[in-house]
Amino acid sequence: MQLKPDAPQLTWQGAVSLQKTEDWVMPWRTPHPAHVLFPEPLLERSAMPAGVRISFRSNTTQVAGNIVPQNESGMLDLCCDGELIDSIDLKQKDSFAFENLSHEEKLIELWLPQFGRFQLRSLAIDDSATLDPFTDTRPRWITYGSSITQCRTAASPTQTWPGIVAREHGLNLTCLGYGGQCHLDAMVARMIRDLPADYISMCLGINIQGASSLGPRAFRPAIIGAVQIVREKQPDIPIVLMSPICCPPREENPNTVGFHLKGMREEVQAAAEALQAHGDKQVYYVDGLSVFGADYVHLLPDDLHPNAEGYRVMGKNFTSVVAEKFFRK
């Protein structure tokens with residue numbers, strides 16, 4: 001049974017928008033109709049479908065697809081009823097196929113690559129298979145951050161730390177990790193404001209420190225402003241503000257505007273405390289070092305980004321330090 005990429009039975013979870021042409025459908029992690037309002041470097045990252053899943057229910061024994069080949073791409077994961085079944089490397093491929101699945105009806109989730117673009121031309125299942133949309137009733141979690149949230153070097157899409165947390169804690173994930181592009185853009189804050197959510201986390205500071213895009217005068221007000229924008233439509237849900245994880249070269253060495261990570265952690269905490277003092281009791285500060293501290297520097301091959309094992313550590317620690325504490329019904 002051949003399915004068009006925009007078939008109504010297919011749910012594109014974790015995508016902010018879909019770009020549709022006569023030939024393919026492509027997910028974006030920004031609103032495609034408003035792209036003229038977003039900086040181009042951010043759009044380059046939002047085109048990468050980190051955390052996006054194509055979901056449906058079926059008793060099919062195979063799932064195959066035709067895609068537009070990409071020179072840069074990662075792994076495609078298949079999960080059935082939450083269990084990881086297999087992974088396929090999509091680099092320079094124009095198709096994929098998962099076979100020998102069980103005959104039982106099941107929730108099928110295709111976790112798309114966390115880097116590179118993904119343009120789906122068609123999907124195929126058994127001719128006689130059932131096919132129903134998946135209605136996800138799990139709490140919605142939006143997480144915003146940098147390349148450390150996009151997780152390019154994770155082993156596969158389900159092994160990014162947001163993927164690990166979402167699967168472990170039963171969350172409907174929207175991952176807004178943009179490599180090099182977490183700069184507290186007002187348009188991103190507006191986008192988060194307008195997306196349905198039950199929980200929000202923001203991992204803030206490392207891109208701003210690296211690019212010197214905000215200094216000590218502007219960083220804290222930008223955090224407060226972003227949260228206030230989100231609160232216009234999300235007045236009561238938990239918002240976690242997490243400061244940077246460990247990065248040895250930047251801990252005490254200031255950038256061109258005088259900011260090091262120690263100072264940034266103080267500013268993120270001060271922003272959370274100011275919001276709390278103003279009456280927002282659902283804003284929480286989390287020290288990034290409690291999620292990935294100096295004990296794990298051996299898992300930072302470039303002294304900045306965790307490797308595959310490092311992202312698994314982040315997923316485990318974020319679950320216990322943040323999700324189990326703040327993501328409660």
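First, the ground rule: rings of Phe, Tyr and Trp (its six-membered ring) pair if their centres lie within 6.5 Å, and planes under 30 degrees apart count as stacked, over 60 as edge-to-face and the rest as tilted. By that rule there are 11 aromatic pairs here.

Select W141 and F327. These two make a tilted pair, 5.8 Å centre to centre with 55 degrees between the planes. Now colour by secondary structure (helices, H or I, at least four residues, and strands, E, at least two, are DSSP runs numbered from the N terminus). W141 is in strand β12 (residues 140-145) and F327 is in the segment after α8 (308-326), so to speak 186 residues apart. Both W141 and F327 are buried (under 20% relative accessible area; exposed is over 50%, partly exposed in between, with a 1.4 Å probe and protein chains only).

Next, pick W161 and F318. Their ring centres are 4.7 Å apart and their planes at 40 degrees, so this pair is tilted. W161 lies in helix α3 (residues 161-169) and F318 in helix α8, so the pair ties together parts 157 residues apart in sequence. W161 and F318 are buried.

Last stop, charges over rings (NZ of Lys or CZ of Arg within 6 Å of the ring centre and within 35 degrees of the ring normal). The charged end of R53 sits over W111's ring, 5.2 Å from its centre, and that of R152 sits over F115's ring, 4.3 Å from its centre.

A note on the numbers: this is a predicted model, where local features need pLDDT of at least 70, side-chain atom pairs count only at pLDDT 80 or more, and totals for chains, interfaces and linings use all residues. Residues are numbered from 1 along each chain as its sequence is written, and side-chain values use heavy atoms, leaving out hydrogens and water.
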